[in-house]
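Open the model in your viewer and keep the sequence panel beside it.

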Amino acid sequence: MSLRGLQTFSRMIRGRRLFAAGLQCCRCRLSCHVKRHYSLLPDDVKSLRALVNPEVSRIRNIGIMAHIDAGKTTTTERMLYYAGYTRALGDVDDGDTVTDFMAQERERGITIQSAAVTFDWKSHRINLIDTPGHVDFTLEVERALRVLDGAVAVFDASAGVEAQTLTVWRQAEKHHIPCVCFLNKMDKPAANLSFCIESIRQKLKANPVLLQIPVGSGKNFTGVVDLLTSQKLMWKMKSMRDDGRVFEVKALDRSDDPDLLQVVSDARTALIEQVADLDDEFAELLLTDFSENFDAIPSNKLQEAVRRVTLARKGVPVLCGSSLRNKGVQPLLDAITAYLPAPNERHHDVVRWYKDDLCALAFKVLHDKQRGPLVFLRIYSGTLKPQMALHNINRNSTERMSRLLVPFADQHVEIPSMTAGNIALTVGLKQTVTGDTIVSSKASAAAAARRAQNDSEAGKRSRECASVILSGVEVPDPVFFCTIEPPSMSKQAGQLFEAIMCKVCSCASPTVLTHLLIFFFFTMKDLENVLNCLQREDPSLKVRVDPDSGQTILCGMGELHIEIIHDRIRREHGIETHLGPLQVAYRETILHEASASDTLDRTVGERRHVVTVELAVRPVDVASVGGSCELAFTEELEGQLSAEMKEAVENGVHSSFLQGPLLGYPLQSVSTLMQRVTIEPGTSPAMVSACVSRCMLKALRLAGGQVLEPVMSLEVTVGDDHLSSVLGDLAQRRGTVRDIQSRHDNKVLLATVPLAEMMGYSTVLRTLTSGNATFSLELDTYEAMNPQEQNTLLKRLSGLL
């Protein structure tokens, strides 16, 4: 380097040191009269390698859940930035966020698959999962909430509770997960705090506990007032580039706006009274020590009471801010550590039964081209280390884990161990799938089973192993399906197969014939392997082969779901495929009770198989999404059948449930009673299953068939000037309007519409409203088709066949 270059470099170093010293001095002077919060400087990005295993009480496993476009990913991005794990603020519109790393996510600006990140905040480790808001990917929310201890529900402050908000909230309720609410987008002109609070109370049937009051509204939103401490938190943005790291914290005084002081006083009084109603310990403290002046209650006592209320799920803390404008995210992080539970505050029986032995649940699988299958595990007890031999109870297999990683979206860091309460990413588990229970060995599972059996609180159990297997992830049934073929089959199948047959008939060159057959085989084999990998990653994707046509059928949760799968096959695996017309996954049920009997008498070799079956079927309530089929045995038959033969009978009945008598769609809401099963000695279980299936088919045909179609709950937000056009279009789609509500300057149309009528609705709605409307869909129920529609469907499908 030249002398001039060395001098310039030296001046740069001295200047940087003087700047740092001046900045530190400036900070010290400011802190004398105004408290400011500072995070790390942008260049000081933390490394995941610096993470340590904290004690379990300082771990928070949380999920971010919301309706689509409420700001989940933007909020997550700000959390990572303020915690010091990213160098710059990512933006969903720019496609450079940490958790939306898939090409499809960055192009569409939506979250498609859940992404896990790990970071620390004020001596706490936060394992966070950013979940999708689109209804097609609701399984991602389900399996994330299955393993999390708490959740942050993000709301658009101008819209309140929306359609998918209801769905994810019900999922959190099902898993008994405490929640914190974050009213995002408080900077929008239509943002309304009281409207959001009321919608949470009315639509979610929750008890909102308001902890913050916004300062300003719309573009003038500048901060919040903390009702617990009566402090004002202000973000004074000097430019659009201000990242919100620095904000002022000062106590309210008489110089503040009198209207704001009155609102804060009333809100804090209401907060104290509300918490006292929900928490007996806090109420007793108030009446004993602060009966003369409730406002004198210390903020830490109020915070402890709010935490107890949150953990007991008697109320949900509500905070507000604007993630895109970098306001209110740091207090949200503080609320996560203050109010949401640690893993040891969530009571799981398996933790007590396994003690210090390893017990974990596999809740997600990804495929990496270099590493192979990556399995996400939630560790409930014990410690996980690389090179451990792990026993999969569900598969009854043992695999060796090669590497252990800390998840950070698509960038992972290898670590030497992971303790209970954490979420880990493992390499090397090739047989494990979503919902499997992982333990250290068969012996540890057997020991836990003995403890569970001896536990007086566990009660009596018929099967020892069932008590120590963690409950898996509920996978919803698909509602759409279509054929999928490689290009050789879709574009030239007829011509090529005709050419092959001509070659066979003319006995021409066998080399050409062999090459064609090899080409077909390997093309189909590659696609089969890809679909197997995608099914393992996404259990809501179902792939089956039609027994009549031999075509591969792709079944998914919606148009977008199947579109994303199709795009991933092309981009990630380099296979061009053709999708057939999208069709609705109908179901079938029966109309009447019916009984049937059948006898199978068959000789195979020297062995004779004889079985006689009598059974009855009847319809049950169909007005539910998951109206399952039931199987029961008479008391007499229950005691006669061996375990092996009973399983054979169950297999025969369940195989009949998968294919209805009308069109071959799965059955729903059918109850079967096995009345008599007579089996001659030497009869194989396979023959028993075959006879039961044949008898079931007889009974189902006698009972009469009925097609059930999926009906969607539709919510459309549209302006007054386009409402009549939307209503007219819905009438043509066999829609039923349930309610029309007002939301600021818009109308919210609530309706039910058959799924078959919603094909391409987004394009039609965009045309009708000039792009000034939004909608969301959710599966509501399955309803019986009217005779005219059913006949039309039968004729149409017969024409296709």
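**The whole chain**

Start with everything shown. This is a predicted model. Colour by secondary structure: the chain has 21 helices and 36 strands. Now colour by accessibility. Of the 801 residues, 50% are buried. The accessible surface of the chain is about 37700 Å². Carbon and sulfur atoms own 51% of that surface.

Next, turn to contacts. Take those with a sequence separation of 6 or more: 73% of them link residues 24 or more positions apart.

**The largest cavity**

How many cavities of 30 Å³ or more does the structure hold? There are 2. Go to the largest, with a volume of about 160 Å³. Its lining counts 18 residues. Select Ile112, Gln113, Glu140, Asp538 and Arg568, the lining residues closest to the cavity centre.

Show helix 4 (138–147), strand 13 (359–368) and helix 15 (559–573); each supplies at least two residues of the lining. Which of these gives the most to the lining? Helix 15 does, with 4 residues.

Colour the lining by class. You will find 8 nonpolar, 3 polar and 7 charged residues.

**The second largest cavity**

Select its lining: Ser114, Ala115, Ala116, Ile129, Phe363, Lys364 and Phe376. By class, the lining of the second largest cavity splits into 5 nonpolar, 1 polar and 1 charged.

Most residues other than glycine have a negative phi. The next two selections go the other way.

Select Asp69. Its phi is near 70 degrees, a positive value in a residue other than glycine. Asp69 sits in the loop between strand 2 (59–66) and helix 2 (72–82). Is Asp69 buried or exposed? Asp69 is exposed, with a relative accessible area of 60%.

Move on to His176. Here phi is positive too, about 55 degrees, and the residue is not a glycine. Look for His176 in the loop between helix 5 (163–174) and strand 6 (179–184). His176 is partly exposed, at a relative accessible area of 48%.

**Cysteines**

Select the cysteines and show their sulfur atoms. The disulfide count is 0. Zoom in on Cys482. Which cysteine holds the sulfur closest to that of Cys482? Cys555 holds it, at 8.3 Å. A disulfide needs sulfur atoms within 2.5 Å, so this pair is too far apart for a bond.

Check the surroundings as well. Cys482 is buried, with a relative accessible area of 1%. Cys533 is partly exposed, with a relative accessible area of 26%.

**Strand 21: Leu425**

Select Leu425 in strand 21 (residues 423–427). Leu425 is buried, and its relative accessible area is 0%. Show its contacts beyond four places in sequence: Leu374, Val375, Phe376, Arg403, Leu404, Leu405, Pro407 and His412. One of these, Phe376, also lines the second largest cavity.

Now draw a distance from Leu425 to Glu414. The two are 11 residues apart in sequence and 9.2 Å apart in space, C-alpha to C-alpha.

**Strand 33: Val718**

Jump to Val718, in strand 33 (residues 705–719). Val718 counts as buried, at 1% relative accessibility. Beyond four places in sequence, Val718 touches Leu723, Val726, Asn746, Lys747, Thr769, Asn772 and Ala773.

Draw another distance, from Val718 to Thr774. The pair is separated by 56 residues in sequence, yet the C-alpha atoms are 6.9 Å apart.

Ser776 is buried, with a relative accessible area of 11%. What does Ser776 contact, leaving aside neighbours within four places in sequence? The list is His67, Ala163, Ser713, Leu714 and Glu715. Among these partners, Ser713, Leu714 and Glu715 fall in strand 33, residues 705–719.

Conventions. Residues numbered from 1 in each chain as written. Predicted model: local features only at pLDDT ≥ 70, side-chain atom pairs only at ≥ 80, totals over all residues. Heavy atoms only, no water. 1 Å grid on protein atoms, 1.4 Å probe; cavity = no way out; pocket = protein on both sides within 12 Å on 5 of 7 lines; lining within 4 Å. Points joined across faces, edges and corners; volume = space filled by probe spheres on them. Nonpolar A, V, L, I, M, F, W, Y, C, P; charged D, E, K, R; others polar. Buried < 20%, exposed > 50% of the residue type's maximum accessible area, 1.4 Å probe, protein only. Contact = heavy atoms within 4.5 Å. Areas by Shrake-Rupley, 256 points an atom, 1.4 Å probe, with all protein chains shown as cover.
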